[in-house]
Structure formats: C-alpha cells, structure tokens
Amino acid sequence: MIWLPVTSKELVLEIGSGHNPHPRSDILVDRWLYQDRERQRKVIKIDRPTIIADGCKLPFTNQSFDFVLCNQVIEHVEKPDQFVKEIARVAKRGLIITPHLLRERIFGWHYHRWFIDMKDDFLYFYPKKETQQTQFAHFIHVLYAHSYNFRHFIDSLDKKINIYYQWEKDIKIKISDDPEKILNIYDKKAGELLQQVTYSLKNLINQWASEKYERVVNCCYYWYEKIVRFKFRKVLKANIIKNLCCLKCGSQSISNKDKLLVCQKCKQTYILENGIPIMLNKHDLSKGY
Ligand SMILES: [Zn+2]
Ligand SMILES: [Zn+2]
C-alpha cells in the first residue's frame, strides 16, 4: 500500500487505474474499458467517477488536479515524452511508479514497451525488443504465483526493483534507442539477486503474515476513503461532465444529448457508455476501448 502525500481536500487523478484503483483517487482514467490484454485479463474496477481516455490526450483543462498517480502504467505507453507532458499539464504534482529495468528483465512482461531506469532525477527509457513472453519469464511468473518464499524475496526488494518517481511541475525523461550496454550490466545484477533467494520456514511465515496484513490494511483504507468521500464522489460523479474539456477545441461547454456528449463549440461528439464518457479522438477510437 502506498500512502499518497496529499491532504484530504486535494483532488487526485489516477491514470491507468484498471482493476486496482488506489483508495484515495477521486477520478479514474483508463484507456481500456473492455480490452484486458494489458491488465492480465482482469476486469476494470469502476467504483468512482471514471473516464476512458488516452494518457497522451487527457480531456481536462490545465492544472485541474492537485495530484496525479500513475502506478504501473508508463511502461505501457507508446510515447512517454507526450504522456509526461500531458500529465504535468493537467496536474500540479504526482507520483509515477513503474518497474525498474531489473524487474522488467526478471518478469519480462511482453506487453510492456520500455525498460526504465532512474538516475539523477531523470527517467531513462529504453525500447524493449521482445514482443512475446519468453520461457524464462513464464517460469518466473509461475514461481511468483506459487512460491511464498520467492514472493517474499521479490516483494522485499520493492524499492530496488520498482521506481518511485515523485515530481512537481515537470517530469524529466530521456529516451534512448541503445539499451544493450546498460542491460548487460543489469542482467548480471539480476543473476546475483536471484542467487540470494533462500528457502526457509521463517520467510514463508513472514510472507504469509505480511500478505494477510497488507490485505487487511488495504481493505480498511479502501472503506475508510469510500465512507469519508462518499458524498464528495457522488457529487463529482453527477457533475463529471463539468470536469471535462473537448479534445478537439478545448471547450468546457459539453452537454449530454441522448447518450452522446456534444461539444457546444465545435460540435464534436463523444460516446457515453453506461454513464462513462469515452473521451477518445477518432484515431484512438478506431483501435477500440
Ligand atoms: Zn504493466
Ligand atoms: Zn470542441
């Protein structure tokens, strides 16, 4: 569980919330309503105001959020430079959590597009070449799912194999197209780390207890926010259209007409699917949602 550094009055946006939104997030954005390929076949959770949109083209005005959370999402994005510009446009500050290239190397998610590293306040992006899950990655996923000991070891490395990038105002990134040098070094390091896996009853009990504990804390936090923010979220949901702006002209005067959202200025229309605005332009809409 990550505690967000926000006050109770601040407005929090979460991008790529998928099946597991953070308890504190106020508005959820995800690219996919039905397609579940990039969230391990899990169903999207819609328990708060939710909008379908592309992270590179958000239907919000400048600085409309105090904080934006992007947890395990930037590694999926096609154009991270556009994505970070866009989230820094709509929010004042935020947190990006993403697999460090070491974790990416160990687990090898075939649908992730980047190896990511962090150095001196910069996020470095190296394009991934494999598009299929390797046999090694499959083995690691099975091991992680079935072995308390292995999971204990991996989870205990959290801060070493995940990047926590907190930012304010701007997000510094560099995109490289030559990943080979750096990856060879980290391959070695991954090998060394894997050798540290020890099998013990103590680890097994520790992991079992900490997973149960985490689940209880998570559940309490979820219900606490749900109860405390019930009224606020209800009002937000009823007025969700007022928070949106047109992708084409930027106008905030959008009205609801027969299951369609219509921009009053440029007449652009957007689908409203079971109350969820599908804020995608024509090109993105053609790829599905
Ligand atoms: Zn991912
Ligand atoms: Zn418009």
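Ile2 touches His22, Asn71, Leu95, Ile97, Tyr164 and Tyr221, leaving aside residues up to four places away in sequence, where contact means heavy atoms within 4.5 Å. This is a predicted model, in which local features need pLDDT of at least 70, side-chain atom pairs count only at pLDDT 80 or more, and totals for chains, interfaces and linings use all residues. Residues are numbered from 1 along each chain as its sequence is written, chains are lettered from A and ligands numbered from 1 in the order in which they are written, and side-chain values use heavy atoms, with hydrogens and water left out.

**Around Ile2**
- You will find Ile2 in the segment before strand S1 (12–15); strands (E, at least two residues) and helices (H or I, at least four) are DSSP runs, numbered from the N terminus.
- Ile2 and Asn218 are 216 residues apart along the chain, and their C-alpha atoms are separated by 9.6 Å.

**Helix H4 with helix H7**
- The axes of H4 (residues 148–156) and H7 (residues 201–228) come within 8 Å and cross at roughly 70 degrees; axes are lines fitted to C-alpha atoms, for helices over the stretch in contact, and angles run from 0 to 180 degrees between N-to-C directions.
- That makes H4 roughly perpendicular to H7, a label for angles of 65 to 115 degrees.
- On the H4 side, Tyr148, Asn149, Arg151, His152 and Asp155 meet Asn203, Leu204, Asn206, Gln207, Trp208 and Glu211 of H7.
- By class, this contact of H4 with H7 has three nonpolar, five polar and three charged residues (Ala, Val, Leu, Ile, Met, Phe, Trp, Tyr, Cys and Pro count as nonpolar, Asp, Glu, Lys and Arg as charged, and the others, Gly among them, as polar).

**Helix H3 with helix H4**
- The axes of H3 (residues 135–146) and H4 come within 6 Å and cross at roughly 100 degrees.
- That makes H3 roughly perpendicular to H4.
- Ile140, Leu143, Tyr144, Ala145 and His146 in H3 meet Tyr148, Phe150, Arg151, Ile154 and Asp155 in H4.
- The contact of H3 with H4 has seven nonpolar, one polar and two charged residues.

Note on methods: Parallel < 35°, antiparallel > 145°, perpendicular 65-115°, else oblique.
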